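Please look at the sequence and the structure before reading on.

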Amino acid sequence: MKKIIIVLTVLAGVNPQHLDDIQINIYPEYYYSGIMVELEATIESVNESESITMTLPAEADSVFLIKGVPGPTSEVIPLNIQTGDPYASISFDISESQFRLFVFYSPFSSGHDRQFTWTVGADLAMNNVHMAVQVPIMAEQFSLSVQTESEERDQHGILFKKIHVGDIEAHSVKSISASYLNYTGFTTMENLRAQLEMPQAPEAQPNIHEEKPIRHTLLLWEPLAILGVLFLIIGVLFYKNQQNDDGKNYCTSCGNAIETTNKFCSNCGEKIQ
């Protein structure tokens, strides 16, 4: 199973009183189907090597330590895990001013449901403890058992939920739980890789709307109405012509009917043309 080494820093001295400024980053299903945890801290002044015992989840299967200031030549030391119920534990000696610790464990069963608990404690008091839980990009209905202090996204847009834990007394533990659904079965890195390999969709071309020339259509009733008016006009003229063909003349001045033999209108006296 692939595992990545993650960093934790602690300052050391003689008879350390407590661990201080502890940052714990939790990565569920980041690059493998389990939990990867990074822990970083400082130690109250010491002048000689001291042994530290830390409590871990019972499912912890791999723990690594880097002593001193981390760099390309830093030695990665695998630590033995003491199994127990309900927790596991590790012990290591530290005389350097800094160390880094990283833990891997696989709490998930088959199926889509994902639930895990991170438990941490030490034989020294742990002061000013902060945690950040990465939300897998494929996770649905992600929830935590504690209230988040703030949220932040990295350069890939991956969300981290930040938690202020406070102080943890010596020989005691602090636990947080999380749950979510992973229907894809992929890790965050597999999802990111799939997104990068996915062919890019061609850019949408601007929708140029060509305006068609406006064509004015003549409705069917319009020519019928025109024809009807024409027939009406023709009918009126025809009727008048028929009336004028009754064998009588009419005075062009007053319209009075006169006999065809009359030379003058009997009504107005106008001369008949």
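In which strand is the place of Lys161?

The model discussed here is predicted. Lys161 has its place in strand β12, which covers residues 159-168. With a relative accessible area of 15%, Lys161 is buried, because buried means under 20% relative accessible area.

The side chain of Lys161 makes a polar contact, at 2.6 Å, with the side chain of Glu151. Apart from neighbours within four places in sequence, the residues in contact with Lys161 include Met131, Ala132, Val133, Phe142 and Leu144. Thr148, Ser150 and Glu151 are also among them.

## An open sheet

An open sheet is formed by 5 strands, in the order β6-β3-β8-β13-β10, with antiparallel pairing. Strands β6 (87-94) and β10 (140-144) stand at the edges; each has a single partner strand, so one side of each is left without a neighbour in the sheet. On average, neighbouring strands of this sheet are turned by 20 degrees against each other, direction ignored.

Within the sheet, β8 (residues 113-122) and β13 (residues 172-181) run antiparallel and are joined by 10 bridges. Gly121 stands opposite Val173 in β13.

## Ala58 in a loop

Ala58 lies in the loop between β3 (50-57) and β4 (60-67). Its relative accessibility is 38%, and Ala58 therefore counts as partly exposed.

Although Ala58 and Thr83 are 25 residues apart in sequence, their C-alpha atoms are 6.7 Å apart in space. Leaving aside neighbours within four places in sequence, Ala58 is in contact with Gly84, Pro86, Tyr87 and Ala88.

Conventions. Residues are numbered from 1 along each chain as its sequence is written. This is a predicted model: local features need pLDDT of at least 70, side-chain atom pairs count only at pLDDT 80 or more; totals for chains, interfaces and linings use all residues. Side-chain values use heavy atoms; hydrogens and water are left out. Two strands pair if DSSP finds at least two bridges between them. Helices (H or I, at least four residues) and strands (E, at least two) are DSSP runs, numbered from the N terminus. Axes are lines fitted to C-alpha atoms, for helices over the stretch in contact, and angles run from 0 to 180 degrees between N-to-C directions. Buried means under 20% relative accessible area, exposed over 50%, partly exposed in between (1.4 Å probe, protein chains only). A polar contact is a pair of N or O atoms within 3.5 Å; within protein, one must be able to donate a hydrogen and the other to accept it, and residues adjacent in sequence count only if both atoms are side-chain atoms. Contact means heavy atoms within 4.5 Å.
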